[in-house]
Amino acid sequence: MISYHTYKHLAKDIPMPFAFVNLDLFNKNIQSVLSRSENLNIRIASKSVRSVPMLQHILSSNKRFIGIMAFHPLEAVALAKEGFSDILIGYPCVNEFYIKEILHAAQPIVIMVDSIAQLQIIHQTAKKFNQIADVCLDIDMSTDYPGLHFGVWRSSISTASQAVDIYRWIQQHEHIRLRGVMGYEAQIAGVGNKIKGQFLKSHIISMLQNQSKKSVAKRRESVVKGLQDAGAELAIVNAGGTGSIESSVLEPWVTEVTVGSAFYAPALFDNYQHFRHEPAAGFALEITRIPHPGIYTCHGGGYIASGQIDKLKQPIPFLPIGIQPTSNEGFGEVQTPLHYNGSEQLHIGDPIFFRHAKAGELMEHFNQLYLFEQDQLIKAVASYRGMGWSFG
Ligand SMILES: Cc1ncc(COP(=O)(O)O)c(C=O)c1O
């Protein structure tokens with residue numbers, strides 16, 4: 001159990017605010033991802049890590065970490081230049097300049113597609129440079145219930161026949177090659193089913209997820225089979241994310257799972273019934289004011305996560321236990337007041353520790369990540385931002 005005193009001691013020589021990773025917990029999370037995914041290969045979702053040294057650390061820990069799912073074409077190109085291989089961009093890329101960069105990257109990079117319109121742009125560019133572009137088909141994995149679209153709006157392909165139609169188009173265009181399929185079941189992978197204080201909602205989500213897992217497996221199987229029957233060789237059949245590893249493992253046609261958030265294990269990933277990773281990453285703010293007894297105002301803090309607006313997107317106060325944001329001000333752009341009536345004596349200059357709601361977005365606020373190991377500060381490593389990498 002991490003204590004406030006241990007972290008305060010670790011923070012004593014680091015200028016605040018700062019971001020940190022507890023390597024002991026990070027390594028534990030790597031091990032639990034390996035055990036949750038049984039024998040499957042794992043592709044790291046770089047958007048949930050956003051630090052080259054941390055990506056390298058995960059990749060070098062076990063051979064089952066086979067590659068990267070990048071989130072931006074120029075990020076993929078930069079990673080290839082850094083020596084990363086087996087890079088799949090998880091999202092479409094329809095910009096000729098980016099496609100050209102991908103085609104000339106230091107390592108092969110696979111582009112995600114779900115429509116002929118995207119493929120036409122990729123093909124035109126590949127033809128212009130006399131190259132072959134590798135693509136992967138994104139299959140929609142959402143489930144529709146009456147009045148509820150359970151999942152995300154991403155891909156336009158949701159049946160085997162639609163996938164085969166696109167494969168036929170690819171076969172007729174010599175500058176494109178199909179490498180595989182991906183299906184991201186966001187409604188299972190990224191939706192917590194054990195939300196604190198929301199028993200009924202969690203129960204309904206679990207029920208819907210259990211139903212959805214069956215249709216996801218069926219759809220992925222039929223798409224894979226349809227494509228293989230049509231002659232496609234699928235080197236990649238990619239599934240899921242942090243929250244859905246257990247169901248992906250049960251699908252024999254899946255060759256790899258994508259995992260990102262599990263490594264830092266941000267606050268939103270506390271809300272799952274079937275796993276609990278360790279809170280490996282966080283940030284520290286400095287108390288700069290005590291405007292009233294029991295109120296401690298820190299500098300910085302407004303690191304709100306993306307997506308639908310919700311209180312769950314705020315950072316979670318971590319240590320000392322019991323410290324809370326005020327309901328009026330929340331986490332401010334440059335100042336964050338906090339309530340605390342616990343047993344720690346807090347003073348101006350002391351650190352307060354928090355966790356971000358999501359994994360990778362924290363890295364957009366800090367140039368460095370301070371690494372703690374065995375209750376020691378061992379070094380600082382660069383975030384993407386610290387390398388001047390910013391991909392919008
Ligand atoms: C296409 C895709 N695959 C996988 C993931 C899983 O990432 P994580 O493990 O960080 O939830 C995501 C995250 O949004 C995604 O967009």
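This is a predicted model: local features need pLDDT of at least 70, side-chain atom pairs count only at pLDDT 80 or more; totals for chains, interfaces and linings use all residues.

Visitor: How are two packed helices described?

Guide: Two packed helices are described by the angle between their axes and the distance between the axes. Here the axes of helix 2 (residues 23-36) and helix 3 (residues 52-61) come within 11 Å and cross at roughly 45 degrees. That makes helix 2 oblique to helix 3 (under 35 degrees is roughly parallel, over 145 roughly antiparallel, 65 to 115 roughly perpendicular, and the rest oblique). Helices here are DSSP runs of H or I with at least four residues, and strands are runs of E with at least two, numbered from the N terminus.

Visitor: Which residues of helix 2 and helix 3 meet?

Guide: Leu-23, Phe-26, Asn-27 and Ile-30 of helix 2 meet Met-54, His-57, Ile-58 and Ser-61 of helix 3, where contact means heavy atoms within 4.5 Å. These contact residues divide into five nonpolar, three polar and no charged.

Visitor: Which residues in helix 3 are buried?

Guide: Val-52, Met-54, Leu-55 and Ile-58 are buried in helix 3 (buried is under 20% relative accessible area, exposed over 50%, partly exposed in between, with a 1.4 Å probe and protein chains only). Seen down the axis of helix 3, the buried residues fall within an arc of 165 degrees, so they line one face of the helix.

Visitor: At what angle do helix 4 and helix 5 pack?

Guide: Helix 4 (residues 73-81) and helix 5 (residues 96-103) pack at an angle of about 20 degrees, with axes 9 Å apart. That makes helix 4 roughly parallel to helix 5. Pro-73, Leu-74 and Val-77 of helix 4 meet residues of helix 5 including Phe-97 and Glu-101.

Visitor: Is Ser-46 buried or exposed?

Guide: Ser-46, in the loop between strand 2 (41-45) and helix 3, counts as buried because its relative accessibility is 0%. Among the residues that Ser-46 touches, not counting those up to four places away in sequence, are Leu-55, Phe-71 and Tyr-384.

Visitor: What does Ile-304 count as?

Guide: Ile-304 counts as partly exposed, at 41% relative accessibility. Ile-304 lies in the loop between strand 13 (295-299) and strand 14 (316-319). The C-alpha atoms of Ile-304 and His-356 are separated by 7.6 Å, although these residues are 52 residues apart along the chain.

Note on methods:
Residues are numbered from 1 along each chain as its sequence is written. Side-chain values use heavy atoms; hydrogens and water are left out. Axes are lines fitted to C-alpha atoms, for helices over the stretch in contact, and angles run from 0 to 180 degrees between N-to-C directions. Ala, Val, Leu, Ile, Met, Phe, Trp, Tyr, Cys and Pro count as nonpolar, Asp, Glu, Lys and Arg as charged, and the others, Gly among them, as polar. The arc is that of the directions from the helix axis to the C-beta atoms.
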